[in-house]
Amino acid sequence: MNHRSDDRPDRPQASTDHAVLTNAYTDGQPLTARQRLYDHQTPRYDLPSMVLEQIGDRAGMWLDVGCGNGYHLHRIRAQRPDVQVIGLDLSADLLIELGGAVLRADAAHLPLRTGRVQVVLMMHMLYHVTEPDRALAEAARVLEPDGVLIASTNSRADKTELDDWWAQAAADVLGNPTGPKRVKLSDHFPAETATAAVAAHFNKVTMIDLDGVIEVDTPDPILAHYASYRAWAHQTDVPFEATLEQVGHLLHAKLEDGPLRINTRQVMVVGSHPLEHGSPSKGPTPT
Ligand SMILES: C[S@@+](CC[C@H](N)C(=O)[O-])C[C@H]1O[C@@H](n2cnc3c(N)ncnc32)[C@H](O)[C@@H]1O
């Protein structure tokens, strides 16, 4: 097996390959499994509520880019019936399940007129775009002059316990002292670079930390999270199902010492007043 155990810069196209993404997001179940892990997080962040709070009383047309299984879209439609929210995604299958106003399109080429939209969401999706900067430029283009972009992503330090447990299980499966890293989708657009990336296109940028701790007393939600990466199995440099089974044994053994704890590090970045509409950048304003 062609396996590297070094600290390589991770598989550059792992999270952006359209063929893999189509497979990964054909149905919403794997994504739902990843989202459910946060049911066990302290503090609990109600992201759709936080998004609505940031948007305030803006009305008009909103665009949820990479809307996935509608985690944000459903809540916004329920709580803001006065606005038109369009769900946009690469996955036609997910869009069919969502219904309502939807567009199948690539975030890097938004099929909307300049200055037409009041709000753009790019929640946990920019790491799937080959050139995130292009998607951010598109968000700035379609937004009206006082429009707002809300994006979110994970830090490189997010859920590192999952990295370690997977690598240990992979090492066991391969019979090596160390195992290959798991595929980590958000590394292509990590929190560490997100604020500066948004500031390249928006006059005012604020960043909100979403740090927390997940604690579980059963391995099931963690195993479901790992399993949700099955579409990337061919890039894991280790037999995927065998590693999944092995990590299950490992977690059961760890539970004898107490609950499993995972540190989460995520951010929400809010950009307003797109530069494409005028004045020069004042740079990021961290909160
Ligand atoms: C991790 S999910 C996030 C879903 C949702 N925004 C959320 O926060 O729960 C990423 C979504 O982005 C979509 N996606 C990936 N690349 C895309 C692109 N270039 N343009 C539009 N959508 C894309 C995927 O199909 C998937 O539904």
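**Notebook: strands, helices and ligand shell**

Gln41 is the residue I find opposite Ile214 in β8. I note here that the model is a predicted one.

I then followed the sheet that holds this pair. Its 3 strands come in the order β1-β8-β9, with antiparallel pairing, and the sheet is open. I marked β1 (41-42) and β9 (260-264) as the edge strands, each pairing on one side only.

Next I traced the sheet of 7 strands. I read its order as β4-β3-β2-β5-β6-β10-β7; this sheet is open too, and its pairing is mixed. β4 (102-104) and β7 (202-209) stand at the edges with a single partner strand each, so one side of each has no neighbour in the sheet.

Strand β5 (residues 117-123) and strand β6 (residues 143-154) run parallel and are joined by 6 bridges. Leu121 stands opposite Ile150 in β6.

I also looked up two helices that lie on these strands. Helix α3 (residues 47-55) lies across β5, β6 and β10 (266-274), and runs at about 155 degrees to β6. Helix α8 (residues 191-199) lies across β6, β7 and β10, and runs at about 5 degrees to β10.

Last, I went to the ligand. I count 21 residues around the ligand, the closest being Gly66, Gly68, Ala107, Met123 and His128. I sorted the shell into 13 nonpolar, 6 polar and 2 charged residues.

Conventions:
Residues numbered from 1 in each chain as written. Predicted model: local features only at pLDDT ≥ 70, side-chain atom pairs only at ≥ 80, totals over all residues. Pairing = 2+ DSSP bridges. Helix = DSSP H or I, 4+ residues; strand = E, 2+ residues; numbered from the N terminus. Near = placed C-beta within 6 Å. Nonpolar A, V, L, I, M, F, W, Y, C, P; charged D, E, K, R; others polar. Contact = placed C-beta atoms within 7 Å. Axes fitted to C-alpha atoms, helices over the stretch in contact; angles between N-to-C directions.
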